[in-house]
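Visitor: Hi! Could you walk me through this one?
Guide: Happy to, let's look at it together.

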Amino acid sequence: MWDKRHDMVVRTEVPFNAEPPAPVLAADEITPLEAFYARNHGEFPDIAPTEWRVSVDGLVDRPSTLTYGELTTDFDQHCVVATLVCAGNRRAELLTVRPIPGKEPWHHGAISTARFRGARLADVLAAAGVHRDDGLHVEFLAPDVAPEARPVQSFGSSIPLSKALSDEVLLAWEMNDEPLPRAHGGPVRVVVPGYVGARSVKWVSNIIVRTTPSDNYFQAHDYSILPADADPATAAAGDGISLSTLPLNCDILVPTDGDRVDAGPLTIRGWAMAGDGHGVGRVDVSLDDGHGWRRADLHPSPGRWAWQPWSLTVRVTPGPLTITARVWDDAGYTQPECPASLWNPRGYGNNAYARVRLESVDGQRDPDRVATGL
Ligand SMILES: Nc1nc2c(c(=O)[nH]1)N[C@H]1C(S)=C(S)[C@@H](COP(=O)(O)O)O[C@H]1N2
Ligand SMILES: [Mo]
């Protein structure tokens, strides 16, 4: 469906929520469109480029409305390679701590990387005569209605004006050199690199400069870290900490949970990302639950706002195997060790050490084993 690979793990058909299997994600540093995860809260609007409009208003001097033609020809075009990460990625590990009813059990795949082309939001805001005051916010609204919202409403979010004015934030109409697919917000979406995916609003219809963050359900309630003992059904706006920048995080994509591998050389592959303004310093891998660590090889990142692939080839012996990985940033900080220390009622922001468990490493075809007769 929606031109996706047949092996996507579809969490719900309507709204369409799907993640690629971890090894598929590991195959390319720029995720092919057919493998890119899809996270939706409502049915997709069907908007032809000729029909699409975005209004820019609120605290601006020249409130305006732009057509697709105006956006794509009146502004300089820029490309940004960005990794989009759903705040619920790796929720499956939080579910082993305590249940999280009503939320998708994303495994390793609610993350993908694409090359986006568009106009800078900063240029669009400048043309509308934005007030460059500290402390303002930019709200994005879209027409897709989310039945799960209380009260039912269409999707929206906001980011600080300071982020909205930075070079990397785009109103994008191309993804991997193709017109932005409808499933990913076509004709035009916001791309906010470095922030949780929920702030990159698809099918954007309104951009509003305001003094406070958006009151939209997905900004004021959902996509926040609630205290562990809070009830999401009764929590008030402000009980949670609203999510914005992505945390320091990494994951293991190959091998993946439950794989059978042969004893002998095994190449472990994954991604790492540092939080706001930082770089990846080092990735460590442990095969003995964190007693000993080996340094993984870092591969070039496809962009400043993208994940950094890493790999390490180890020798594995027959029996069960747990692989742990952790990233350090360039300021010397690392991740929390276990998901229990970060469990929260909506299951967001899991950036605990990455762990993959293999029930068995198969001894049958280990050449050393055969050679030595062990
Ligand atoms: N209009 C709209 N924008 C949206 C959403 C949505 O449901 N509606 N989902 C958000 C969430 S939670 C994520 S993680 C990203 C996912 O983008 P993708 O589906 O292109 O991968 O889009 C964000 N933008
Ligand atoms: Mo998300």
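Visitor: Which residues does Ala235 touch, leaving out residues up to four places away in sequence?
Guide: Ala235 touches His221 and Leu226, where contact means heavy atoms within 4.5 Å. Bear in mind that this is a predicted model: local features need pLDDT of at least 70, side-chain atom pairs count only at pLDDT 80 or more, and totals for chains, interfaces and linings use all residues. Residues are numbered from 1 along each chain as its sequence is written, chains are lettered from A and ligands numbered from 1 in the order in which they are written, and side-chain values use heavy atoms, with hydrogens and water left out.

Visitor: And where is Ala235 found?
Guide: Ala235 lies in the loop between strand S13 (224–225) and strand S14 (241–242). Strands (E, at least two residues) and helices (H or I, at least four) are DSSP runs, numbered from the N terminus.

Visitor: Is Ala235 buried or exposed?
Guide: Ala235 has a relative accessible area of 12%, so it is buried. The cut-offs are under 20% for buried and over 50% for exposed, with partly exposed in between, using a 1.4 Å probe and protein chains only.

Visitor: Switching to strands: what does S6 pair with?
Guide: Strand S5 (residues 77–85) is one partner of S6, antiparallel over nine bridges. Within that pairing, Thr83 is opposite Thr113 in S6. Strand S9 (residues 170–175) also runs antiparallel to S6, joined to it by five bridges, and Arg117 faces Glu174 in S9. Two strands count as paired if DSSP finds at least two bridges between them.

Visitor: Why is S6 described as largely enclosed?
Guide: S6 covers residues 111–120, and seven of its ten residues are buried, so the rest of the structure largely encloses it.

Visitor: What's the order in the sheet of four strands?
Guide: That open sheet reads S15-S17-S21-S20, with antiparallel pairing. Its edge strands are S15 (249–254) and S20 (297–298), each pairing on one side only. S15 is joined antiparallel to S17 (residues 264–273) by five bridges, and Asn249 has Met273 in S17 as its bridge partner.

Visitor: Zooming out, how many helices and strands does the chain have?
Guide: Seven helices and 23 strands. Buried residues account for 54% of the 374 residues.

Visitor: What share of the contacts joins residues at least 24 apart?
Guide: 71%, among contacts between residues at least 6 apart in sequence.
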